[in-house]
Amino acid sequence: MSAPEAQRSARPRALRPSAKVLPEHARGHNRSLVLQHLYRGGLQSRADLARETGLTRVTVSDLVAELIADGLVVETGQREEGRPGKPAILLDVNRDGHRIIGIDLSDTGVFRGAVLDIDGGIVTRMEAETDGAAGDEVAAVAVHLVRALVAAADRPILGVGIGSPGIVDLAGRVLSAPNLEWSDLALQSTVEKAIGLPVLVANDANAAALAEHSFGAAVGDLMLIRVGRGVGAGLILGGMPVFGSRFAAGELGHVVVGTDGGELCVCGKHGCLETWLSVPRLRAGLAAASDAAARDAVLRTAGERLGIALAPVVGALNLDEVVISGPVELLDGPLTQAAIETFRARTMAEFHGDLTVRMSDLGQDIVMRGAAAMVLSGRLGVS
């Protein structure tokens, strides 16, 4: 089987393990199962874990001993109990034992990165100006930022997660990122060779969707619209990320919206959603507007185009919510309201009228925190 065929045959696993599996697959899965219950529940005894997971006490004790030896779980002390007998020893994930490096390559003119704890909290921040660089030059800026963050980490590093614009395959190769002039760039292996640590690379909108799933207010099936230098979407359906057969699920930015033409896009087409909605295009439109009414019209027009793009997706997938991530001062208000009005006018209220459309609460850290969620899921099987 060729590498592309192997990648296409791969299927994402559920982000949160919830049940035991067959013996031949059990060890790794059950290890993640125990970690997941501790990661989300915290402060449980071995007996608690056995009851919650359905595993035997012997299996749980063996797994916990292994996880303690690996520095991933710690004993926190005895439970205060009012009944006779020896108090249970409580366990938790070793929340301060490791760090994760999260990188966001999606913004205009700057790459952002952070050292995070395993709960997604920011420990150290750094930025690197890109100064209009592209191709190999801007890739070198990303590597330099990763190296600087690795040097700043005060704990062992669990892994590095990178959210990149463009189409990214499951091996962390950026197949196409027109705004950075990247084509078939082996970003994951390049960074791994540079730092000697595990690295995971994904599309920035997919990373942002994982952040909303792991650290945000997600309640079910969701689409996250990421608006920055470009426009993309991340999908989580049935607890699983959706990548598509050629890793381009959610690539709404280069879908032509409407039949009335539009400005030339970097991809070569006219009228792509990105030409209406990307941050540089919005800022340019607002700067050229003569008054408040004209500025409001710029935002509402962009929102209408987003609503046109969303309507068939919402209709096809019957989502619980659409979450928008990007500059609040641009997106929250007339733009989001116009998007809601437009897609509701184009879908059946009986089935989609209660769809929630909201701004993410995770701010500009969403891709970095999503990169941390990628590492947690990929390295520990938790989210």
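The points that follow are grouped by topic.

This is a predicted model, in which local features need pLDDT of at least 70 and side-chain atom pairs count only at pLDDT 80 or more, while totals for chains, interfaces and linings use all residues. Residues are numbered from 1 along each chain as its sequence is written, and side-chain values use heavy atoms, with hydrogens and water left out.

**Empty spaces**

- Rolling a probe the size of a water molecule over the atoms shows where empty space is left.
- On a 1 Å grid over the protein atoms alone, a cavity is a set of points where a 1.4 Å probe fits but cannot get out, whereas a pocket is an open set with protein on both sides within 12 Å along at least five of seven lines, and lining residues have an atom within 4 Å of a point.
- The second largest pocket holds about 320 Å³ of space, and of the 19 residues that line this pocket, D107, R226, G326, P327 and Q364 are the closest to its centre.
- By class, the lining of the second largest pocket has 6 nonpolar, 7 polar and 6 charged residues.
- The whole structure has 1 cavity of 30 Å³ or more, and the largest cavity contains about 50 Å³ of space.
- Residues lining the largest cavity include L35, H98 and L380, and its lining divides into 6 nonpolar, 3 polar and no charged residues.

**Nonpolar cores**

- A nonpolar core is a set of buried Ala, Val, Leu, Ile, Met, Phe, Trp, Tyr and Cys residues joined through side-chain atoms within 4.5 Å, where buried means under 20% relative accessible area, exposed means over 50%, and partly exposed lies in between (1.4 Å probe, protein chains only).
- Of the 43 residues in the largest nonpolar core, V34, L35 and L376 touch the most other members, and helix 14 gives the most to this core, with 9 residues.
- A second, separate core of 33 residues includes L235, L252, L331 and A339.

**Cysteines**

- A search of the whole structure finds 0 disulfides, a disulfide being a pair of cysteine sulfur atoms within 2.5 Å.
- C267 is in no disulfide, and the nearest cysteine sulfur, that of C272, is 3.6 Å away.
- C267 counts as partly exposed, because its relative accessibility is 31%, whereas C272 counts as buried because its relative accessible area is 0%.

Conventions:
Points joined across faces, edges and corners; volume = space filled by probe spheres on them. Nonpolar A, V, L, I, M, F, W, Y, C, P; charged D, E, K, R; others polar. Helix = DSSP H or I, 4+ residues; strand = E, 2+ residues; numbered from the N terminus.
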